[in-house]
Structures are given as structure tokens and as C-alpha cells.
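Trainee: I would like to learn how to read a model like this one. Could you take me through it feature by feature?

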Amino acid sequence: MIDNFTISNKEIEKINFINQDDKEFRIKNLEFFNQNGFPSKRDEDWKFSDFREILSKNFKNISINNTYPDEKNFRLINDFDHNFILLINGRFIRSDFKFEEKKKIKIKEIESDKISRDKSENPLVCLNNALFNNGFILEIEKNYKLEKVLIIYNLFSDDLSDHILNNRNRVILNENSQLHTIEYTINKSKNKFINNSYENVLLKENSILKNISIQASKSDGYFYKFSNNKLKSDSQYVNFILSSGLKFNKQDIKVDLEGKNSECNIKSALFLDNGDHQEIKTRVNHLVPDCKSFQKIKSVLESNSKGIYQGKIYVKDIAQKTNAYQLSKALLINDNAEFNSKPELEIYADDVKCSHGSTSGNVDENSVHYLMTRGLTKQEALLLLINGFLNEITSEIKSDTIKKFVEKKLEFQINGY
Amino acid sequence: MKNQNINTNQEYKYGFTTDIENIRAPKGLNENSIKFISKMKKEPKWMLEWRLKAFNRLKNLKEPNWQKPKYPKINYQELYYYSAPKSASDKPKSLDEVDPKLLETYKKLGIPLNEQKKLSGVAVDAVFDSVSVATTYKEELTKKGIIFCSISEAIQKHPDLVKKYIGSVIPLTDHYFATLNSAVFTDGSFVYIPPNVRCPMELSTYFRINAAETGQFERTLIIADKGSYVSYLEGCTAPMRDENQLHAANVELIALDDAEIKYSTVQNWYPGDKDGVGGIYNFVTKRGACRGKNSKISWTQVETGSAITWKYPSCILQGDNSVGEFYSIAITNNYQKADTGTKMIHLGKNTKSKIISKGISAGNADNTYRGLVDIGKKALNSRNYTQCDSLLMGNKCGAHTVPYIKNKNSSSVIEHEATTSKINEEQLYYCNQRGLNQEEAVSLIVNGFCKEVLQQLPMEFAVEAQKLVGISLEGSVG
């Protein structure tokens with residue numbers, strides 16, 4: 001069923017905000033998806049995560065007809081003041097920017113004619129191109145820095161079962177603006193479903209975007225997110241990926257450093273438990289001189305889990321004085337866990353500093369022994385070391401209240417151990 | 001250290017050809033040419049059947065195309081699959097019987113086929129095109145029970161050994177070029193070291209591609225029986241040619257319990273001219289199996305020649321406590337392309353592997369390290385350490401690193417690091433200040449950059465390799 005899963009062109013007719021140009025683009029993309037199907041390990045980008053096989057094992061049917069029930073008694077996080085956007089099954093429901101100057105922020109439901117038309121060979125991106133009909137566009141005016149953090153509540157309703165959702169969001173930060181977001185996933189569905197999302201980010205001169213991805217609890221959802229980021233000069237992009245506890249998650253992040261002195265930071269701390277499969281794929285393109293990029297990926301892997309990091313740094317011939325560093329570290333604490341990585345460099349400029357490191361192994365026995373001589377049990381010692389390993393990432397979050405909130409969530413994941 | 005031997009504008013000094021009449025197989029890749037090769041080699045029936053099996057398999061295979069360096073399509077029907085110096089059809093029994101023209105060629109190459117070879121302690125199985133002409137030092141080796149001969153001779157005289165091990169590391173069903181080699185290989189070396197024997201000298205083969213339009217398909221098989229040790233040298237030079245020449249060799253190493261094989265290569269084939277015209281395509285499959293407990297295989301390579309180098313000397317670490325090592329220098333200049341690296345496949349317990357790779361690109365060249373470290377579920381307590389460093393000279397060349405790292409158990413440790421940088425201006429300035437010219441300074445710095453690998457080379461190669469490093473980079477800076 002999954003092997004020959006196709007979608008009829010009629011589905012595109014159902015999408016209501018459509019013009020002829022857009023329709024042709026969607027049909028072309030759907031044809032590509034129908035020809036290629038879900039990506040499998042034959043695709044180099046999916047070498048370590050055979051999505052087709054994973055789906056065949058877990059899904060009998062996949063439906064594209066979704067509902068969007070409003071969650072009346074939805075509760076906000078009350079740990080700290082924040083603005084919010086509420087999405088249900090990917091659809092933009094409402095937003096509240098009560099701490100901000102209203103006219104500095106524009107938010108609306110996504111329209112099809114304003115999206116990028118990049119040609120893609122990734123079947124899931126093509127599927128998204130063809131079918132997306134939900135999401136938001138958020139634009140921050142020039143010189144405006146948001147007072148409070150923005151939480152994007154990404155809620156999945158309990159009636160989801162064997163659905164595939166295709167949604168798309170777009171964030172634009174104009175000159176000198178600043179935005180901090182937390183993408184907070186809440187899954188109420190007890191069943192399996194697939195969320196295929198696409199994110200477009202444009203950071204104009206001297207703007208700053210900081211994002212944290214995290215979820216409320218464990219979930220049986222299958223998540224794929226393609227994030228397409230463009231950075232103009234002196235802009236800064238920071239992304240913390242703390243999405244432990246998902247059955248399947250692949251974050252595919254592409255960053256184009258298009259303006260001088262722009263900087264990109266991707267950090268991740270993951271604790272993968274029984275049966276979890278998570279992949280982080282980054283591609284950082286240094287297209288102009290004097291840019292910086294750093295990736296630091298740390299994973300702890302429990303029984304039967306699989307962690308993957310595929311990172312690529314590309315340095316164009318004119319991008320001299322590039323400084324790029326990539327590090328992935330994995331702790332395998334169970335013999336059935338597996339960690340694969342492919343840290344790749346493709347460099348055409350000579351006056352650059354590019355390096356990567358990748359390690360994987362178990363918890364250092366000497367450290368465990370040391371802690372046990374100080375009176376800790378083995379379990380306590382392990383927990384302490386794992387916490388310390390992952391906290392190196394979260395300690396880089398500047399706001400204390402948010403850091404506390406994030407660490408609490410992470411601890412909740414680890415303590416299942 | 002001041003390297004006196006670097007001469008500016010030094011041309012490729014091994015660019016000459018010898019005029020010797022050839023016996024050729026019918027042009028093209030088909031059953032007849034395979035039968036012709038087998039007949040010329042006086043092979044037993046099982047060998048011909050094996051070749052034909054490979055050929056049948058080849059019909060269903062496609063040429064791989066995932067590699068970074070692309071090359072024009074090769075028309076396999078336009079190649080000759082067998083060419084032998086005419087005088088080899090009745091084999092010479094001593095040096096006096098060898099074609100004097102051949103001897104002259106060797107002299108130019110500096111192969112010690114005369115009396116001096118005894119002093120240098122090198123036994124040479126010299127390959128001219130596709131047939132072994134003379135094998136030296138046989139007696140001394142025979143005393144120890146070591147077999148060192150051409151693969152054709154081994155097929156006739158030691159069929160049991162060949163039958164047992166050929167294709168056991170690189171099976172018939174492998175990728176396109178390996179299978180092509182299995183079908184049409186003409187010659188190569190065979191080494192067998194009996195149990196508990198330490199080979200008293202470095203075994204060495206010089207390859208030389210001579211006839212135009214002849215792809216050379218070598219097959220080397222080295223077996224180190226229990227507790228034995230062998231160090232094998234492979235050095236290559238080729239005449240200047242305009243047509244691209246294909247070289248698709250297969251090298252299989254097998255190390256049994258407590259055995260050690262050290263395989264060193266200096267490759268200096270014709271890299272094409274300054275505009276990227278001509279040059280050899282070096283598509284080689286090299287694979288070693290550490291079958292026994294405590295066995296060790298070590299690959300060392302210095303790759304400076306060839307238009308395209310595309311090879312991954314690999315180790316399959318099957319035996320418990322076995323060790324795999326890979327030391328590599330790949331230098332590309334002008335329009336050369338190299339896509340090289342290794343595979344370390346850990347299957348046994350307590351296996352260890354170490355990878356040191358140094359890539360240097362200059363001019364318009366592209367240099368890729370591509371490697372795999374795979375630690376299996378049962379390979380408990382295994383370790384890998386990988387270091388890939390790249391040096392770039394100019395912004396028209398590229399340096400790429402594509403490592404695949406897989407860890408499937410919690411008791412194993414993998415460490416990988418890679419860096420890319422350029423020659424430090426201050427170091428250059430310092431050298432200039434001390435009276436070295438630009439070229440000498442570059443050679444000195446690059447030799448320092450490669451030191452970890454150069455140290456692994458046997459004495460015979462170390463000097464030549466250091467010179468090569470300098471010569472290969474001439475004109476790339478300043």
C-alpha cells in the first residue's frame with residue numbers, strides 16, 4: 001500500500017485559494033511525488049532513515065482528508081508571560097500579541113501565491129508544495145524587538161489517525177528586528193499520523209531569530225520538517241532542537257548565508273528512548289565571505305533507538321574567511337541503540353577555517369566509578385552524567401525562566417530511563 | 001631540511017614509451033576475448049568458467065555514478081583486454097633472455113633488475129603491460145616456503161590456494177569495475193606466506209602501462225597464513241599519453257590468525273597535462289580481510305598521479321582483536337581529481353581501526369575523502385579513530401570530506417575529526433626568510449603536513465615519496 005501510494009490530481013482542485021499558475025506548480029509537484037513515492041534509503045539524503053520502510057511497517061492506509069476541531073479548553077503554559085500562535089493540525093487558529101505593539105506585527109493565514117517556487121527533488125517537499133493549505137505568515141516590522149517570547153502551540157487533535165498533514169509557515173524579520181520563539185508541540189492523538197511541514201525563514205539585515213523546538217510529551221507522530229532559511233548581512237539565526245520523545249522525527253535544515261557577517265547556530269540535545277528514531281540534517285551554504293556557522297548535536301540513545309546526524313558545510317569559492325564548525329557527540333547507553341553520522345565538508349575557498357568532529361561511545365566508566373565512590377548508586381551516577389551531557393546545550397539558553405522550563409521538560413524525558 | 005631535488009619546471013620524468021610489438025586480444029569486451037585471454041594464459045577450465053561467470057554478471061551491472069569526479073563515457077568495446085610483449089610467449093629463464101628494450105625501460109625507471117638489486121634487498125616482480133617478465137629473488141623466498149609469483153603462474157602451479165582465496169574478499173558479484181576485472185584480468189602478483197614465516201624482504205612490483213588504448217586489469221592476491229608477516233610495495237609510473245587509459249585493478253589481502261600484511265603504494269601515473277588533457281583513470285578495488293584473530297592489515301598510499309583516482313582500500317575486521325589501518329596522502333594539481341578513502345568494517349570483538357588521511361589540492365583540482373566506519377552489533381569494545389586533514393592552495397580547487405559513521409553497540413567508541421585550511425602565510429614567510437624559495441618552502445611545509453603518513457612508508461619509498469610531494473605541487477603557489 002505504502003509502496004504504491006499515490007494521490008489524485010483532484011485533491012488539488014479542493015484547495016480553495018488557487019490561481020492557474022499556482023495550480024500548475026502544484027500539479028507538477030504532485031506528479032513528481034506520485035512517480036517517486038515516499039523517500040527510501042535509495043535516496044542519499046534518506047540513507048539512514050528509510051522513511052518508506054518505516055511507514056510500510058506502521059501504516060496500512062494514509063488519508064489526506066483532515067479535520068480541524070477547535071480546542072475550546074486549551075490551556076496556555078503559565079510558567080512565564082508570552083505571546084502565542086495556536087495551530088491545530090497545522091491550521092492557523094488564532095494568535096495573541098498582547099505584550100507587543102500591534103501594528104509592528106503582521107500575521108495571517110498563508111496564501112499560496114507568496115511562497116517560494118524552488119524546484120525540489122525531495123518527494124516530501126514536493127508533496128508539501130502540491131498539497132499544503134494551512135499555516136501562517138508572520139512578519140516583524142523594521143527596528144522592532146519583541147518584548148516577550150512567542151510560543152507557537154502546535155497542537156494535534158485526538159481524532160487524527162493515519163492522516164498525513166501538509167502545512168507551511170513563513171517568517172520574515174525585517175531590518176534590525178528581533179524575535180524569540182518556542183515551537184511547542186502538543187499531541188493529543190493516541191494514534192499514528194504524519195506531519196509534513198515546510199518552513200520558510202527570511203532574516204533581513206541585522207535581524208535576530210532564536211528558536212527552541214520542544215514538545216509537551218511523548219508522541220506516536222511521524223514528523224518531517226524542512227526548514228529553508230535565508231540570512232542577509234549581520235543577521236543571526238539560532239535554533240535549539242530539543243525534540244526528545246517522538247517516534248519519528250526528521251529535521252531537515254537548510255541555511256543560506258547570503259549576507260556578509262551573518263551567523264548560524266544549530267544546537268541539539270536529544271534523549272531517545274525505546275523505538276525512537278530521530279534525524280537531524282543540516283546543510284549550511286556559505287555563499288559570501290566572513291560568515292560563521294556552528295552546529296553542535298548531542299544525543300543520548302536508549303534501547304532500540306536510532307539517532308542520525310547528517311551535516312554538510314558548503315563553502316563557495318568567494319566565501320573567504322569563513323569560520324565553520326560542526327560537532328556531533330552521541331552516548332550509546334544500550335547495546336540495541338544505533339548512532340549514524342555523516343559530517344560532510346565541501347570546500348572551494350582556501351582562506352577558511354572549517355572543521356568537524358564526531359564521536360560516539362558509552363558513558364565514561366571512570367566517571368561512573370568516581371561518582372559511586374562518592375555514594376551515588378550506579379543509576380544515579382548515570383543520570384547525573386547524562387544530564388550533564390545534555391545540559392551543556394540547554395545551558396546556552398540565555399533566559400533563566402525559559403531555560404528552567406526547557407530543562408524541566410528534558411528531565412521529564414530522561415527520567416523515564 | 002632543504003630539499004635539493006626540487007627543480008622548477010620539472011616535467012613528468014617517466015614520460016617515455018618503448019616500442020615493442022604486442023600480441024593483442026581481439027578488440028572489445030565479449031566472450032571471445034575472455035576465452036582468448038584464458039587460452040593465452042593456459043588457464044585451467046575452472047578459471048575460464050569463473051571469468052565467464054563474472055562476465056555474465058557484468059552484463060546486468062551498471063557503471064556507478066555517485067562519485068564526485070565525472071569522466072567521459074568509456075567505450076569498453078574499443079579497448080584491448082590483452083596485450084603482451086611478444087617475447088614473453090616463450091618465457092625467459094634468466095635476465096639475458098629478456099628483451100633488451102624492456103631492460104632499458106626498467107633502467108630508466110630505476111628498477112633494480114641487475115646485480116644491484118641484491119644490495120637493495122628488493123625482489124621485483126616487474127609487470128610490463130600485462131605479463132610478468134622476470135621474477136627475482138625467488139630462490140631465497142622459496143627456501144622459506146614463500147610463494148611470490150605472477151597470478152597466472154599461481155593459477156597453474158598453486159590452483160588450490162588460488163581457488164580457495166580468489167574472489168573471497170572481492171566477490172564476483174561486487175561492483176562494476178571489480179566484476180570487469182574478474183572477467184578480464186590478465187596479470188598481477190600472487191603472494192603466499194606460510195605459517196610463522198616473517199618475509200625477509202619487502203616484496204615489490206612495478207607496474208607500467210605501455211601500449212596505447214590498453215586498459216590494464218591487474219589482480220593481486222596476498223595471503224598471510226597464521227603468524228606470518230609480509231610487507232608489499234606497489235609503485236607505479238606510466239608513459240606520457242594523450243588518450244585516457246583505464247586501470248581497474250583488484251587487490252585482495254587475506255590475513256589469518258596473528259598474521260600481518262603491510263601494503264604500501266606510491267602512485268605516480270600520468271596525471272594529464274596542465275590543461276587536464278589525457279591522464280590515467282585509476283579505478284582500483286582494494287580490500288583486505290582480517291580473517292584471523294589478532295591479525296592486522298595496514299594500507300599506506302601516496303597518490304600523486306592519475307587524472308582521476310577513485311579507490312577505497314578497505315579492511316574487513318572479522319577476527320577478534322584484529323586491527324585495520326589506513327594512511328593516505330592524496331595530492332591533486334591542475335585538473336586532477338581524487339575521490340579516495342577507506343572502509344573499516346568491524347565485525348569481530350575488540351577490533352581497532354585507525355584512519356589518517358591528508359588531502360592536498362592545488363590548481364583546479366578536486367580532492368575528496370570518502371570513508372565508512374561501520375561498527376557492527378557484535379563488534380563489542382571496538383575502537384576507531386579517524387583524522388582527515390585537507391590543505392587548499394588557491395580558490396579554484398576543492399577539498400571535500402564525506403565520512404559515513406555507523407555505531408551499533410554501546411561498548412564501542414568512534415572518534416572522527418576533520419579540518420580544512422590553507423598554507424600558513426607566516427610559515428611560508430619564515431621559510432623564505434631563511435633562504436628557501438617559494439617552491440622549496442611549500443614542499444617543506446607540505447611534507448610536514450603529511451609527516452604522519454610518510455613515516456609509515458618503508459625506507460625504499462620514503463625518499464621517493466618526499467620528492468614526489470614537492471614535484472606534484474610545482475607552480476601551485478605564488
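Trainee: Let's begin with confidence. What pLDDT does chain B average, and what share of the residues score at least 70?

Mentor: Good place to start, since this is a predicted model. Chain B has an average pLDDT of 80, and 77% of the residues reach at least 70. For the complex, the predictor gives an ipTM of 0.86 and a pTM of 0.85.

Trainee: How many helices and strands does chain B have?

Mentor: Chain B contains twelve helices and 24 strands. Of the 478 residues in chain B, 56% are buried. Among the contacts in chain B with a separation of 6 or more, 83% link residues 24 or more positions apart.

Trainee: At what angle do α2(A) and α4(A) cross?

Mentor: In an α-helix, residues three or four places apart point the same way, because there are 3.6 residues a turn. Keep that in mind while you look at the contact. The axes of α2(A) and α4(A) cross at roughly 145° and come within 8 Å, and the crossing is left-handed. From α2(A), the residues A:Phe25, A:Arg26, A:Asn29, A:Leu30, A:Phe32, A:Phe33 and A:Asn36 meet A:Pro123, A:Cys126, A:Leu127, A:Asn129 and A:Ala130 of α4(A). By class, that contact has eight nonpolar, three polar and one charged residues.

Trainee: And in chain B, how far apart are the axes of α2(B) and α8(B)?

Mentor: Their axes are 7 Å apart, and the two helices pack at an angle of about 145°. This crossing is left-handed. On the α2(B) side, the contact is made by B:Arg51, B:Ala54, B:Phe55, B:Arg57 and B:Leu58, while α8(B) brings B:Thr179, B:Leu180, B:Ser182 and B:Ala183. Sorted by class, the residues of this contact are five nonpolar, two polar and two charged.

Trainee: Let's turn to strands. How many residues lie between β1(A) and β2(A) in their hairpin?

Mentor: Two residues lie between them, and A:Asn89 in the turn has a positive phi of about 50°. For a hairpin, follow the pairing as well as the turn. Strands β1(A) and β2(A) pair in the antiparallel sense over five bridges, and A:Phe84 stands opposite A:Asp96.

Trainee: Finally, the interface. How many residues of chain B are in contact with chain A?

Mentor: 30 residues of chain B contact 31 residues of chain A. On the chain B side, the elements giving two or more residues are β22, β23 and β24. By class, that side divides into ten nonpolar, 14 polar and six charged residues.

Trainee: Which strand of chain A is joined to β23(B)?

Mentor: Strand β18 of chain A, residues 338–347, is joined to β23(B) by six bridges, and the two run antiparallel. To find your place in that pairing, look for A:Leu345, which stands opposite B:Thr401.

Methods
Residues numbered from 1 in each chain as written. Chains lettered and ligands numbered in written order. Predicted model: local features only at pLDDT ≥ 70, side-chain atom pairs only at ≥ 80, totals over all residues. Axes fitted to C-alpha atoms, helices over the stretch in contact; angles between N-to-C directions. Helix = DSSP H or I, 4+ residues; strand = E, 2+ residues; numbered from the N terminus. Left-handed = near helix turned anticlockwise from the far one by under 90°. Contact = placed C-beta atoms within 7 Å. Nonpolar A, V, L, I, M, F, W, Y, C, P; charged D, E, K, R; others polar. Buried ≥ 20, exposed ≤ 12 C-beta atoms within 10 Å, placed from the backbone. Pairing = 2+ DSSP bridges. pLDDT = per-residue confidence, 0-100.
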